Amino acid sequence: MDMPIEQLLSPIIKNRQNGNTPALLKDSNDIIVIEKIKQQKYDVLSGKISPAEVDLVRPEIVDSWLRSYRDGLDLFKIHKAPTLNSHDFKALLKENDLLIRIADSYIRQLKNMLYNIDCIIVLTDAKGIILRVLEGKNNRINEENYMRPGAIWTEKTVGTCSHSLCLLLESPIQICGPEHYCESFNYTTVSSAPIFDPNHNLLGTLSIASADFYNQNEHTLGFAVSMAWAIQNELRAAGNDEFFYATLESYQEGVITINKNGYITKANKLALNYFSFNDSELQGSKIEDVLGYQPAINAVLETGKPVLDAQIYILKTGNLKLELRSVQPVKNKDGLIIGCVINIVKSNKPKKVINQYKNEETRFTFNDIIATSPLMIRTIEMTKKFAQINTNILLEGESGTGKELFAQAIHNEKRPEGPFIAVNCAAIPSNLIESELFGYEGGAFTGAERSGRLGKIELANGGTLFLDEIGDMPAELQPVLLRVLEERKIMRIGGSKYIPIDFNLVAATNKDLLEMVSNNEFREDLYYRLAVFKASIPPLRERGPDIIRLAKNFINVTAEKLQIEVPYLGENASNVLIRYHWPGNVRQLENAMFYAVNMAQEGIIQIDDLPTEIKGFYHSEHSMDENKIPGGQVKADANLSIREMEKIAIIKALQQTKNNVSEAAKILGFSKTTMYRKIKEYNIDAPVRIKNC
């Protein structure tokens, strides 16, 4: 804090500090000052006076008024701050765990100091989201202004307020009554102080809020500042201790420590000499700006798995070649990752890249796949046998059937300690997929990173490469991939040497690759190289009893995320789920159960709680005349097969829409192409124009 605390006080509070003024005159003077400030606020917002003519409040307050007005906030309306959902708020609490744990004791101490004052104490993060609220003897201010954990209090959501300005200015501040933008704050007074981490990065704010200015004075702001400083000092001690010991263990090599966001917090003398920086120049820099893009460092920050003896060539600085020897995570006492220790050494060796991290997202094994239907059980058993053999596997199945789940299970069966690298061939622009797969050397093309970049195939070394939507791979890349599969080596774009690699390939598609081969849309030799072993994952509609087991699993998972009691899946709703055709397969079922859990009333999921397309199917099916159905006498009873029920539903949908295929498809949740195909497949006699599909 560079300014004296007097300059940070509200002018209304300073007016009350005048000891020579009798109490009755103070009250009347307060009212006069408040009304004058209100009038100046109205005048500057309406353009009657310029900001420079506002002389009763600080310029930063006026600037905030104008920003709030430009953001469209109503001056006379109560603006309740939006609130994070429980899942996001839990993640936020975890992210700010160290700050909260240290601040909690000081907040309680501050409450004891202010026990006889009507106030609340508020802790926020660096974005103004409330992390903690401790209420005093009277919570009237909280009832009026809804200051709750998870609420997003910023200038854009509630207008000018103390802690939002504290964050913007990175300075303590006190705001009283009409200095707030919104009239609803009345006489509310708040004193706020910023909290910084050891690198002087803003972490959040500590505020003391009162329902009126009679409960605050200059000492209130002093309390907030003192407690914020105490929290900062403990944060600094905690951070320095953990990094200090990690640095000592590695003192014979160049050592750089970074925080969890990738910013450099410390470097030893040897590391500083490597880069010709002094300590102040290096601290606060992004590690990528110094070492270039390093997947190993990012992986350690994400997974907590160390990279040891990697000998990864990173850059040449002057006449000196450097290697990234190891990256070790630094964790706090609760096991949360708070940064990394990076060891760097001089190198005279040729480049060598070794991937020694594992993707933590590969959590699924064959035991995690829910299956009771004989067809699915056979598929799992067959694929599990394939996984034991070191060869390529092709997974076929409609969208949403769980091809990536099978790919992860194969990986964890065969190479659980290696990396799992997934690439969606349909999601990467065709002009970028080559560099994504094979990587490139520094300066290989305009816009390339100076240190180059490893490709996905190289990152999969020692593990599994999962190529999803392989049918969408550009034709010009198919022979290149074929050569990689045959020779097990790659060359980066702009490179001059082949790099040997060892990976297990799992490819997946929702297309008929053999048909694409016959249409010259996919290389025949690549197809047979990919499909050494081929597994077809059945669609959900063919899995019978699995539908309800999966539905209940998704219901449990959703309820746990929302922290609510698990709702019961009603019998009628279960019957509808079994009879529905599930064009989107397991992914659609998962989304449907998420929707149903949120819509359920009184702890039971009924038919009306299901998504529109499923309810539409149910009502279409049950509104039929059970005895008179065009195309034949078919009675819709429980003995019908799924195919018969689907045929009936299609006929009824066409009936309802006067043979409008597009509308009928929407009712049933089909695409138009699928609808034409099924009309042809079931030989439905309807005056509909059938296109060749």
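**A walk through the model**

Guide: Start at strand E6, which is joined to strand E10 (residues 337-346) by six bridges, the two running antiparallel. Keep in mind that this is a predicted model.

Visitor: Which residue is the bridge partner of Val255 in E10?
Guide: Asn343 is the partner of Val255 there.

Visitor: And how many bridges join E6 to E7?
Guide: Three, and E6 and strand E7 (residues 264-267) run antiparallel. Ile258 has Ile264 in E7 as its bridge partner.

Visitor: How many residues sit between the strands in the hairpin of E6 and E7?
Guide: Four residues. Gly262 in that hairpin takes a positive phi near 85°.

Visitor: How many residues of E6 are buried?
Guide: Six of the six residues in E6 (residues 254-259) are buried, so the strand is mostly covered.

Visitor: Which residues point one way from E6, and which the other?
Guide: Gly254, Ile256 and Ile258 point one way. Val255, Thr257 and Asn259 point the other way. Both sets are buried. In a regular strand, side chains alternate between the two faces of the sheet.

Visitor: New topic. What is the strand order in the open sheet of five strands?
Guide: The order is E2-E1-E5-E4-E3, with antiparallel pairing. Strand E2 (130-135) and strand E3 (173-176) are the edge strands, each pairing on one side only. From one strand to the next, the twist averages 15°.

Visitor: How many bridges join E1 to E2?
Guide: Five bridges join them, and strand E1 (residues 119-125) runs antiparallel to E2. Val122 stands opposite Val133 in E2.

Visitor: Which strands does helix H4 lie across?
Guide: Helix H4 (residues 86-95) lies across E1 and E2. Its angle to E2 is about 85°.

Visitor: And H5, which strands does that helix lie across?
Guide: Helix H5 (residues 97-113) lies across E1, E2, strand E4 (189-196) and strand E5 (202-210). H5 runs at about 20° to E2.

Visitor: Let's do aromatics. How many aromatic pairs are there?
Guide: The count comes to seven aromatic pairs. One of them is Phe420 with Phe466: ring centres 6.1 Å apart, planes at 25°.

Visitor: Why is that pair of Phe420 and Phe466 stacked?
Guide: The planes are at 25°, and planes under 30 degrees apart count as stacked, so this pair is stacked.

Visitor: Where in the chain are Phe420 and Phe466?
Guide: Phe420 is in strand E12 (residues 420-424) and Phe466 is in strand E13 (residues 464-468).

Visitor: Is Phe420 buried or exposed?
Guide: Buried, with a relative accessible area of 2%. Phe466 counts as buried too, at 0% relative accessibility.

Visitor: What about Tyr580 and Trp582, what kind of aromatic pair do they form?
Guide: An edge-to-face pair. The distance is 4.8 Å centre to centre, with 90° between the planes. Tyr580 is buried at 0% relative accessibility. Trp582 is buried at 0% as well.

Visitor: Where does Trp582 lie?
Guide: Trp582 lies in the loop between helix H22 (571-579) and helix H23 (585-599). Trp582 has a positive phi of about 50° although it is not a glycine.

Visitor: Which residue has its charged end over the ring of Phe503?
Guide: Arg488 does, 4.6 Å from the ring centre. Elsewhere, Lys286 lies over the face of Tyr263, at 4.6 Å from the ring centre.

Visitor: Switching to loops. Where is Asn520?
Guide: Asn520 is in the loop between helix H19 (513-518) and helix H20 (524-530). Phi of Asn520 is positive, near 60°, and the residue is not a glycine.

Visitor: Is Asn520 buried or exposed?
Guide: Exposed, at 74% relative accessibility.

Visitor: And Ala475, where does that one lie?
Guide: Ala475 lies in the loop between E13 and helix H18 (478-487). Ala475 counts as exposed, at 52% relative accessibility.

Visitor: Last one. How many helices and strands does the chain have?
Guide: The chain has 27 helices and 19 strands. Of its 693 residues, 49% count as buried.

How values were computed. Residues are numbered from 1 along each chain as its sequence is written. This is a predicted model: local features need pLDDT of at least 70, side-chain atom pairs count only at pLDDT 80 or more; totals for chains, interfaces and linings use all residues. Side-chain values use heavy atoms; hydrogens and water are left out. Two strands pair if DSSP finds at least two bridges between them. Axes are lines fitted to C-alpha atoms, for helices over the stretch in contact, and angles run from 0 to 180 degrees between N-to-C directions. Contact means heavy atoms within 4.5 Å. Rings of Phe, Tyr and Trp (its six-membered ring) pair if their centres lie within 6.5 Å; planes under 30 degrees apart count as stacked, over 60 as edge-to-face and the rest as tilted. Buried means under 20% relative accessible area, exposed over 50%, partly exposed in between (1.4 Å probe, protein chains only). A charge sits over a ring if NZ of Lys or CZ of Arg is within 6 Å of the ring centre and within 35 degrees of the ring normal.
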